[in-house]
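Hi there,

Here is the structure I promised to hand over. My notes on it follow just below.

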Amino acid sequence: MAKKKGSVIYKCSNCGYSQPAWLGRCPNCGEWNTLEECIEDPGAANVLRNADGTAKKAKPVPMATVSVQDIPRLSTGNTEFDRVLGCDKTQQGGATLRSAILIGGEPGIGKSTLLLQTAAQVLASAKGRVLYVSGEESASQIKGRAVRLGLNVDRMEILCTMRLEDILDALDSLNPLMVIVDSIQTVYSAEAGIVPGTVSQLKYCGNELIAWVKERDSVLFMTAHVTKDGNIAGPKSLEHMVDTVISFERSTDEVRFLRALKNRFGSIDELGIFEMSEKGLSCVSDPSTLFLTRRTGGCPAGVACVPVFEGSRVFMVEIQALTVPAKAAVNRVYSDKVDSARVSRVAAVLEKRAGIAFSDQDIYINVAGGARLTESAIDAALAAALYSARADLPLPDKTAVVGELSLAGEVRPVTKLKQRIKAAKELGYTTTVAPSGEEGAVAAENIKELVKALFT
């Protein structure tokens, strides 16, 4: 049976005397029927008190009296990881002190490797101590991984346990700058039961660890298991409690994407790109090579390139489309990197406004490099790829397409259009078809002008 957080006591409403059992008369003041049942707070000893011994209560203050402070950041030594964690006003990236960070990803994707490399970088900078708490692997396994990766982690403290009380004792004694808990689903406390991974365990253990780091200049990293759908396992309240939620995604066997789903101290638009090798995770120096196919000949039918923004960077991404006669009475859309509803909507606009039929076709959409595209700026390129695949007409070489497509067939402007056109030109694209009104691009106001500019 789970142990209660607080114990029941009986307190006199007249003099404040308390005892564990009920009595009709208070032994201290002699009053009758004044003992009332209440719950004793085990943390009451740590509450700040006034001179008269009464507990200090939290009181509201005017917002005008609140000052904004820049909280220091801890650099991970990895530029891609720092970019995803966020930057301050001086453009210094990294994890904010007194913050809790939750990293989720499928098994074997590299969560432990990334955090072990980060720990080695923090130790090399001699900024503070690092505590690695492992509930899944032994100390020998972790040391073996560090040796294979060529990391010097001899000064790192390691604790192999699943008990929350042992972890909190180690934190209080070491006071580390960086804490790694691998993983939070393995931690349990007798206060919430004895089975790890339950809803109550995740809430209680997560709250205790976050409360510890909020009172000290430390950073807490917690890895998390994911379900078969790719979502972090456990209650959603765990993601609400932490400051940053990071998703680790796999593109190919070597390429990994790091993306922030929630970040109280930075943007969620940044994308970190890594390559997994025998030496661990390394930053990809030229991300554009991942999303473009190097060809010796011309561009085949069904391929269109679009400049997309991921945070502060522009990538050229190749969208590939294929249409074949439907094998059933109802056509289907096969697309995992672009929302299938977006693909169906663009195909419907082409059929209505450009006069090319897709209702009898099965549609396949792929993105080179495995990047997931969500912004509306890819609509025009998606329409160009679909039209090219359906008509079996390739786009002109070194041509990029960008723009949002409305249901009326209009090609609408998108954010940071000038930077997109400039980035496409710097990457060797001589022509960019974009909404009208932008210098250096071929104007297209609607879907018919887009088709005319590309396929005439």
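How many cavities of 30 Å³ or more are there by the rule I used? The count comes to 2. A cavity here is a set of points, on a 1 Å grid over the protein atoms alone, where a 1.4 Å probe fits but cannot get out, and its lining residues have an atom within 4 Å of a point. Grid points are joined across faces, edges and corners, and a volume is the space filled by probe spheres set on the points.

Before the details, please keep in mind that this is a predicted model: local features need pLDDT of at least 70, side-chain atom pairs count only at pLDDT 80 or more, and totals for chains, interfaces and linings use all residues. Numbering starts from 1 along each chain as its sequence is written, and side-chain values use heavy atoms, with hydrogens and water left out.

**The cavities**

The largest cavity has a volume of about 40 Å³. Its lining includes Arg259, Leu271, Phe291, Glu310 and Arg372, and strand 15 (303–310) and strand 16 (313–325) each supply at least two of the lining residues. Helices (H or I, at least four residues) and strands (E, at least two) are DSSP runs, numbered from the N terminus. By class, this lining has 7 nonpolar, no polar and 3 charged residues. For the classes, Ala, Val, Leu, Ile, Met, Phe, Trp, Tyr, Cys and Pro count as nonpolar, Asp, Glu, Lys and Arg as charged, and the others, Gly among them, as polar.

The second largest cavity holds about 30 Å³ of space. Among its lining residues are Arg73, Thr96, Ser99, Asn263 and Phe265. Strand 5 (95–96) and strand 6 (99–105) each give at least two residues to that lining, which divides into 4 nonpolar, 5 polar and 1 charged.

**The strands**

Strand 15 and strand 16 run antiparallel and are joined by 8 bridges; two strands pair if DSSP finds at least two bridges between them. Pro307 stands opposite Met316 in strand 16. The hairpin of these strands has 2 residues between them, and Gly311 takes a positive phi near 75° there. Strand 16 also pairs with strand 18 (residues 361–367), in the antiparallel sense over 7 bridges, with Val324 opposite Asp362.

Strand 6 pairs with strand 10 (residues 219–224) in the parallel sense over 6 bridges, and Gly104 has Ala224 as its bridge partner in strand 10.

**The helices**

Where they meet, Leu164, Ile167, Leu168, Leu171 and Asp172 in helix 4 face Tyr204, Cys205, Glu208, Leu209 and Trp212 in helix 5, contact meaning heavy atoms within 4.5 Å. The contact residues divide into 8 nonpolar, no polar and 2 charged.

Best wishes

Methods:
1 Å grid on protein atoms, 1.4 Å probe; cavity = no way out; pocket = protein on both sides within 12 Å on 5 of 7 lines; lining within 4 Å.
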